[in-house]
Amino acid sequence: MTSNIDNPTDTTQPTGVSPYLDRGVFTLRFTSTSRGARLARRLVGVRLDEWGVPFGTPAHDAVVLVAAELTANAVRHGHVPGRDFQLMLRLLHGVPAVARIEVGDTRGERLPVRPGPRPEGELADGGRGLLLVERLADRWGWYPRVGAPGKTVWAECALP
């Protein structure tokens, strides 16, 4: 977008492709709130649809659910007051194509662990998000952020 500060009667017009949008790559920072996580999830869904992974397909639903869990974890377990989380969605072309979701937060001391078996009858209010990620994603993991505090949790889902 451009700004017409010198001539306020002119309207603001788009000047080209957004720097946040590239073919096969979408990255954006969001507030570390439930509202930010919800917006990230919705934008992942829209972006996938624009890239040819239609709404309502199993692949679309799986990637959106994985993104929702990773962003919710960033807000719940990686929140640092005044700091945002960053989401990157990348389409890796190949056979099959792969959607890679990366969510970075600024809290490096709270690291994700591989989910293990839960005791029978346990009715905890949380702790199932990474079970869903483990089940839906083909691969997932985390790595420390380079040049900044925190970590990035990533997952890859094949797109048939």
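Entry 1. I began with the side chains of strand β4. A97, A99, I101, V103 and D105 point one way from the strand, V98, R100, E102 and G104 point the other way, and all are buried. I note that the model I am reading is predicted.

**Entry 2. The protein as a whole.** I then stepped back to record the setting. The protein has 3 helices and 6 strands. Read from the N terminus, the order of the elements is β-β-α-α-β-β-α-β-β. Among contacts with a separation of 6 or more, 57% are between residues 24 or more positions apart.

**Entry 3. The partners of β4.** Which strands pair with β4? I found β3 paired with β4 in the antiparallel sense over 7 bridges. These two strands form a hairpin with 4 residues between them, and L91 stands opposite A99 in β4. I found β6 paired with β4 as well, again antiparallel, over 9 bridges. In this pairing E102 stands opposite W154 of β6, and R100 stands opposite E156 of β6.

Entry 4. I examined P96, which lies in the loop between β3 (84-92) and β4. Is the peptide bond from V95 to P96 cis or trans? I read an omega near -5°, and the bond is cis. For comparison I wrote down the general rule that most peptide bonds are trans.

**Entry 5. R100.** I located R100 in strand β4, which covers residues 97-105. Is R100 buried or exposed? R100 has a relative accessible area of 13%, and it is therefore buried, since the cut-off for buried is under 20%. I next looked up what the side chain of R100 meets. A polar contact of 2.7 Å joins it to the side chain of E156, the residue that stands opposite R100 in β6. Apart from its neighbours within four places in sequence, R100 is in contact with M88, L89, R90, L92, R139, Y143, W154, A155 and E156.

**Entry 6. D105.** I turned to D105, which is also found in β4. D105 counts as buried because its relative accessible area is 4%. Which side chain makes a polar contact with the side chain of D105? I found K151, at 2.9 Å. A polar atom of the D105 side chain also lies 3.0 Å from the backbone nitrogen of R107. Leaving aside neighbours within four places in sequence, I listed A74, G78, R145, P149, G150 and K151 as the residues in contact with D105.

**Entry 7. Strand β6 and its other partner.** I checked β6 (residues 151-159) for burial, and 8 of its 9 residues are buried. Strand β5 (residues 139-144) runs antiparallel to β6, and 6 bridges join the two. Here W140 stands opposite A155 of β6. β5 and β6 form a hairpin with 6 residues between them, and G147 in the turn has a positive phi of about 75°. The pairings recorded so far place β6 with β4 and with β5.

**Entry 8. Helix α1.** I closed with helix α1, which has 17 residues, 34-50. How far does α1 reach from its first C-alpha to its last? I found 25 Å, close to the 24 Å expected at 1.5 Å a residue. The buried residues of α1 are G36, A37, A40, V44, G45, R47 and L48. Beside this list I noted that an α-helix has 3.6 residues a turn, so residues three or four places apart point the same way. After α1 comes G52, with a positive phi near 100°. As a reminder to myself, most residues other than glycine have a negative phi.

Terms used: Residues numbered from 1 in each chain as written. Predicted model: local features only at pLDDT ≥ 70, side-chain atom pairs only at ≥ 80, totals over all residues. Heavy atoms only, no water. Buried < 20%, exposed > 50% of the residue type's maximum accessible area, 1.4 Å probe, protein only. Polar contact = N/O pair within 3.5 Å; in protein donor to acceptor, adjacent residues only side chain to side chain. Contact = heavy atoms within 4.5 Å. Pairing = 2+ DSSP bridges. Expected span 1.5 Å × (residues − 1).
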